[in-house]
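Hello,

Here is the structure we discussed. Please open it alongside this note; what turned up follows below.

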Amino acid sequence: VQLQASGGGLVQAGGLLRLSCAASGRTFNNYNMGWFRQAPGKECEFVAGISRSGSSTYYADSVKGRFTVSRDHDKNTVYLQVNSLKPEDTADYYCAASLARAASELAGKCHYVMDYWGKGTQVTVSS
């Protein structure tokens, strides 16, 4: 599976972005997906996860109520809608895929635990 994240940018605090992760290669529907982020000088952290069916979603406490993860099986794409952005959301955002690791197991993890991940997309939030 090849993953390509996009949609990052520079926004003011309170702004919004829609991050996309396009998947190619093997059957996208079989994979649980996750979004992770890493800020300069900080450890990477889990942001959101979505089950292979799309019926279950999970979020880090720091983004609950502000971020929404979704997936479109027809387009082989996972999205992360990020609203009410804060300067502390500034980071490189990565999407990742796993066959065996459930989306419910991603809390506290980094994208390195997944089977596949792509290059990140940078989100910078100015105060």
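A network of salt bridges links Arg-37, Glu-45, Arg-66 and Asp-89. Please keep in mind that this is a predicted model. In total, the structure holds 4 salt bridges.

Take the pairs in turn. Glu-45 and Arg-37 meet through their side chains at 2.6 Å, N to O. Arg-37 counts as buried because its relative accessibility is 4%, under the 20% cut-off. Glu-45 is partly exposed, at 32%.

Asp-89 and Arg-66 form another salt bridge, at 2.7 Å, N to O. This pair links distant parts of the chain, 23 residues apart. Asp-89 sits in the loop between strands S8 (77-82) and S9 (91-98). Arg-66 lies in the loop between strand S6 (57-59) and S7. Both Asp-89 and Arg-66 are buried.

Asp-61 and Lys-64 also make a salt bridge, at 3.2 Å, N to O. Asp-61 is exposed, with a relative accessible area of 67%.

Now Asp-72. This residue belongs to strand S7 (residues 67-72). Asp-72 is partly exposed, at 23% relative accessibility. Its side chain reaches the backbone nitrogen of Lys-75 at 3.2 Å. Setting aside neighbours within four places in sequence, Asp-72 is in contact with Phe-28, Thr-77 and Tyr-79.

Best wishes

Methods:
Residues are numbered from 1 along each chain as its sequence is written. This is a predicted model: local features need pLDDT of at least 70, side-chain atom pairs count only at pLDDT 80 or more; totals for chains, interfaces and linings use all residues. Side-chain values use heavy atoms; hydrogens and water are left out. Helices (H or I, at least four residues) and strands (E, at least two) are DSSP runs, numbered from the N terminus. Buried means under 20% relative accessible area, exposed over 50%, partly exposed in between (1.4 Å probe, protein chains only). Contact means heavy atoms within 4.5 Å. A polar contact is a pair of N or O atoms within 3.5 Å; within protein, one must be able to donate a hydrogen and the other to accept it, and residues adjacent in sequence count only if both atoms are side-chain atoms.
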